Amino acid sequence: MSDPVNGHDGSGTPWTDGGPAPGARPAADVLCLRSEDGDRIHCVIRGSAVNNDGQDSDGTAVPSPRGQEAVIRAACAAAGTAPDDVRYVELHGTGTRVGDPVEAAALGAAYGVSRNPRDPLLVGSAKTNVGHLEGAAGITGLLKAGLAVAHGHVPASLGFETPHPRIPLDDLRLRVVTGLLPWPRDRRPRCAGVSAFGMGGTNAHLLLAEAPPGAGPGEGGGLPGTEAPRGDGRSSLPAARGRDGGTDTSRAGAPRATGPGGAGTAAPAGGAHGAAAGEGGEGADAVRTGPDAGGGGLGVGGSGAEAGGGVTRGVGPGGGGSVPWVLSGRDAADIGRQAARLRDFLAAAPGASAEDVGYSLATTRTPLRHRAVVFADGADARLAALDALAAGGRPAGTVTGVAQGPDGGAAPIAFLLPGQGAQRLGAGRELYAAQPVFAAALDEICARLDPLLDRPLREVMWARPGSPEAALLDRTAFTQPALFALSVALLRLFAHQGLAPDQLIGHSVGEIAAAHAAGVLSLADACTLVAARGELMQRLPAKGAMAAVEAAEDEVAPLLDGTAVSVAAVNGPRATVVSGDEDAVEAVAAHWRAEGRRTRRLSVSHAFHSAHMDPMLDTFAAVAERLDYRPPVTPVVSGLTGRPAEGIDTPGHWVRQVREPVRFHDGLRTLRDLGCATYLELGPDAVLASLAREALTGLPDAAFTAALRRGRPETATAAAALATAHAQGRALDWAAVIPGGRRTDLPTRVFLRRRHWPFPPSPETESGRRDAVPGTAERAPQPSLAVPAPVGGAAPGTTEPAPRASRTAGSSTCH
């Protein structure tokens, strides 16, 4: 290789391909970048200049020392920088007998004449390190100089042995950097120049300076004195637009999410005719009729495809305080490679902040299709989890998945909002203590509901088990408001963390929460509607019954003709709920038991979704007619029809919704047909998520998860649900997910290397011949022994071939 200032004759240029892609922002935005974007500022371009010496050179391909000196002086003037303040210049470095002396002479004239001989200008060229990158050579030199300024060290120029005979380095007060050199120590800010010269006579010179204090790389790689954006404690679903174009902050209308989104987890295998079948029921117990129901919950470590129905068996560990670490790759093996590199890096940095690492993993690299989200408490546990991933395993506390959308993005996500029967004493209490956004939302909702109820709602939701207040949670007047309040608070928490639904579906009373989330009802009107619904149902005579039967609707319906029993809900292909007079319901259940089918009497006070509701309809209609409705902003699949909602913004919809069956199974099939691949339940347990998983068996890569689970730490479960969405391809607001996290240095991505060399490896190359490609065991292509003479003679004063065509003004390229 020819060094720009080496004593050897120009011996040719090693051509290479590739180039960097540095990011640039206006200097005025630097402080904004530090405080808002979190980007690291390596240096600032203080000034630049460009000229053309085509009419001033001594030959067609001969550069002009006067032109190069002029462009350097112009750049210094533009930057307001004295030549003596420039300590290093990244050379263009032609590697020719004419070009190098010209560049050195221009540098000496512009920078060297006023320098102290003991303080020469440091020079070097990236071409000696990486070869000539052609059109990307100049930007490569910019990158090298910028990093030298940022880190306070100048890399070596390779191959320098003796000075070029026509370059008097001492006289020009220049010094070639031959080893890694600390930046000269003085009080002046670090400043470097970068030169690039085109074959057509275009000259360019830039001056780089240190970034402002606090904006450069600091210890741990963060921005000293700054932090990444944090959550500010304010959260709601995106506000719906009012009819006048203004924003109605009382509505939760969420515009459709279009960002990318994960596999993950969560529903236990419940009974095929589970309890959320209709109004009433006591918590999730009503759905646990299968052999694996009950206390069994999630295992850990499974993948979506292998855990059945796309369920990833993985959640955050017990305490729920773990920080998510996200990894991605082009396949599962690639994730293992990334995990191994990260593990080795962190093993050498035991003091690394888990928050900073997690935030940087999520924000400083492009997420690829295959994803894993690691939850682990403590440095040793995190390293062990990375070891397991590197070995191809699935460690406990890890959610894995594959982005299901086009180009590795997110397929649509559906939020499932449960109805009566899913209530659970104490649901939301742990999350309230840990998540200020959730707490603020629940406080606001309860403040709206409390004046409409006999006692404060939160006292009932979190009553002491066995107390009289605890029993009130199963009374419809409190059950329905409690489910609404919890679901909406969870909606706001997830929206704050960047996760919004593409589709919404609510089961029975859950449809009111869905309508509020979609912007149909303001919070005040939604609270009025749900409180009236529960209270009016509670006033009805406490008679009637409901039962879940293991049978399809078309099997059950013919048996109900002429009886006082109605279909109340269709939750799956063989999961139907009937409701009506107690004796008639028991007779229907007995018929199916005799057929060998499973049945379950639901623990309810009323026969919901039957003729028993008729006495309340007129009064409820009067309440519904007083409310203000708007078209949904986020699409809603209605449980009334199982299709995209029509008329949900009318009072009549809500009256019919009380009386007619819940067609949840039809709604799930509609969501499937709309492309939904992630189903997230926002309620006290995984009731609807379990029903969805059992009903949508034809979606092997779909994910079914729940924000909360009975018997699971709430913060960990909510975090795992969020990780599920990310593993399916959904983008999140990581500043809200990991508040306080800052950008820090992490190892670069492991590239998947494939051999493209035209020659097969041989024993000679593998034994270390000089003609092997550096860093490989591959043989370099050998030059032909017959080297043709230059065509057209030599350029004046050089041994370089003269160009065959003349220059055209304006066609130059800076190299």
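Which residues on each side of β18 are buried? Ala575, Val577 and Ser579 are buried on one side, and Thr576, Val578 and Gly580 on the other; buried means under 20% relative accessible area with a 1.4 Å probe, protein chains only. This is a predicted model, in which local features need pLDDT of at least 70, side-chain atom pairs count only at pLDDT 80 or more, and totals for chains, interfaces and linings use all residues. Residues are numbered from 1 along each chain as its sequence is written, and side-chain values use heavy atoms, with hydrogens and water left out.

**Strand β18 and its partners**
- Strand β18 (residues 575-580) is largely enclosed by the rest of the structure, because six of its six residues are buried; strands are DSSP runs (E, at least two residues), as are helices (H or I, at least four), numbered from the N terminus.
- Strand β16 (residues 545-549) runs antiparallel to β18 and is joined to it by five bridges; two strands pair if DSSP finds at least two bridges between them.
- Ala545 has Gly580 of β18 as its bridge partner.
- Strand β17 (residues 565-572) is also antiparallel to β18, with six bridges, and a hairpin of two residues joins β17 to β18.
- Val567 has Val578 of β18 as its bridge partner.

**Nonpolar cores**
- The largest nonpolar core has 130 residues, of which Trp325, Leu449, Phe484, Phe494 and Tyr679 touch the most other members; such a core is a set of buried Ala, Val, Leu, Ile, Met, Phe, Trp, Tyr and Cys residues joined through side-chain atoms within 4.5 Å.
- Helix α14 (residues 476-496) gives the most to this core, with twelve residues.
- A second, separate core of 22 residues includes Ala79, Val89, Leu91 and Ile167.

How values were computed
Buried means under 20% relative accessible area, exposed over 50%, partly exposed in between (1.4 Å probe, protein chains only).
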